[in-house]
Amino acid sequence: MKKIIIIMAAVLSAVIPATAQMKWNSAYQNYIDQYKDLAIEEMLRYHIPASITLAQGVFESRAGLSDLVTQGNNHFGIKCHEWTGPTQYHDDDARGECFRVYNNARESYEDHSKFLTSHPRYNRLFQLDITDYKGWARGLKDCGYATNPRYADRLINIIELYHLQEYDKAHNFDRFMARHTGNDQPTRANGLLHPIKIFNKNYYLIAREGDSFKSIGKEVGISWRKLAKYNERNKHDALHPGDIIFLRKKRKKAPKQFKHRPHVVQPGESMYDIAQKYAIRLKSLYKMNNLTPDYQIHVGDRLRVR
């Protein structure tokens, strides 16, 4: 009986697609959300599938958490061959191997594109259709990009699990996201950037322990004074984990879906909290509800947000 169970398990592991065996990883998703526009920008310039670039970035950098990224912004594990720039040393196939160092993610992504387009051994990949991610993944392995025998499978699994192939159909990208996530420099011990999200035609991130307007401004490349102004706060205000920080000036009204959905005040909420929740200006929130700035809201109050 035990032999039958073992045989059945082996058969099932062989026939079940690898994507079904992989588990969704929030760190991978955050990395993809952070860099997808930069990958699409590179695709439109160099004709390398965005899905391949993202899958390689996720896999090679361990979703941006590897020493190569945190110490040198190297997202693709590119070594020092034919390189005259700054370097770092880490164990890989051998001990103490030399890897390239970049000033930011954009430099790493662009060098990855140039690396593939400038080396003749990768020429045949550019004969493939931009949507043929499987051909690209297998071609990268066959051309010697990596020594891992399952390299192509790993890339394909990542692409299919996170639906990265959809980005290969893109004809444009979010320039704000590409610029602000591409020009970043890790400013933390773990190098983990804040995921940037979009709501009410604005960009925002969630503050963490130890954040300040100055540290966030340095990360996203926006003046910390402007950040404080966009969020209607003093630039020296202490930030708390969970604070919503908008990266552009807020709008006067909430999105259209809230036109007939007033906000019901919850315990502990302030007018400012509500304004941040809907990405609208505090002054506009008072004006929409015919309230003066000295009005004290109460639990259960119904407030227009659009």
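Q: Is E166 buried, partly exposed or exposed?
A: In this predicted model, the side chain of E166 takes part in a salt bridge with K169, where the closest N and O atoms are 3.4 Å apart. Burial requires a relative accessible area under 20% and exposure one over 50%. Because the relative accessibility of E166 is 45%, the residue counts as partly exposed.

Q: Which residue forms a salt bridge with D142, and where in the chain does that residue lie?
A: D142 belongs to helix 7, which covers residues 133–142, and the pair links distant parts of the chain, 18 residues apart. The closest N and O atoms of the pair are 3.8 Å apart. The partner, in the loop between helix 6 (105–118) and helix 7, is R124.

Q: What is the N to O distance in the salt bridge of R233 and D243?
A: Both R233 and D243 are found in the loop between helix 11 (224–230) and strand 5 (244–246), ten residues apart. D243 is buried, because its relative accessible area of 18% falls under the 20% cut-off. The side chains of R233 and D243 meet with an N to O distance of 3.3 Å.

Q: Which residues are linked with E42 in a network of salt bridges?
A: The structure holds 15 salt bridges. Within the network that includes E42, the linked residues are R45, E110 and K114.

Q: Which residue with a positive phi follows helix 8?
A: Helix 8 spans residues 151–161, and its buried residues include Y151, A152, L155 and I156, along with N157, I158 and I159. After this helix comes a residue whose phi is positive, near 55°. That residue is H163.

Q: Is N200 buried or exposed, and what is its relative accessible area?
A: N200 lies in the loop between strand 3 (197–199) and strand 4 (202–206), and although it is not a glycine, its phi is positive at about 55°. Because burial means a relative accessible area under 20%, N200 counts as buried, with a value of 10%.

Q: What is the relative accessibility of E232?
A: E232 is not a glycine, yet its phi is positive, at about 55°. The residue is found in the loop between helix 11 and strand 5. E232 counts as partly exposed, its relative accessibility being 32%.

Key: Residues are numbered from 1 along each chain as its sequence is written. This is a predicted model: local features need pLDDT of at least 70, side-chain atom pairs count only at pLDDT 80 or more; totals for chains, interfaces and linings use all residues. Side-chain values use heavy atoms; hydrogens and water are left out. A salt bridge is a side-chain nitrogen of Lys or Arg within 4 Å of a carboxyl oxygen of Asp or Glu. Helices (H or I, at least four residues) and strands (E, at least two) are DSSP runs, numbered from the N terminus. Buried means under 20% relative accessible area, exposed over 50%, partly exposed in between (1.4 Å probe, protein chains only).
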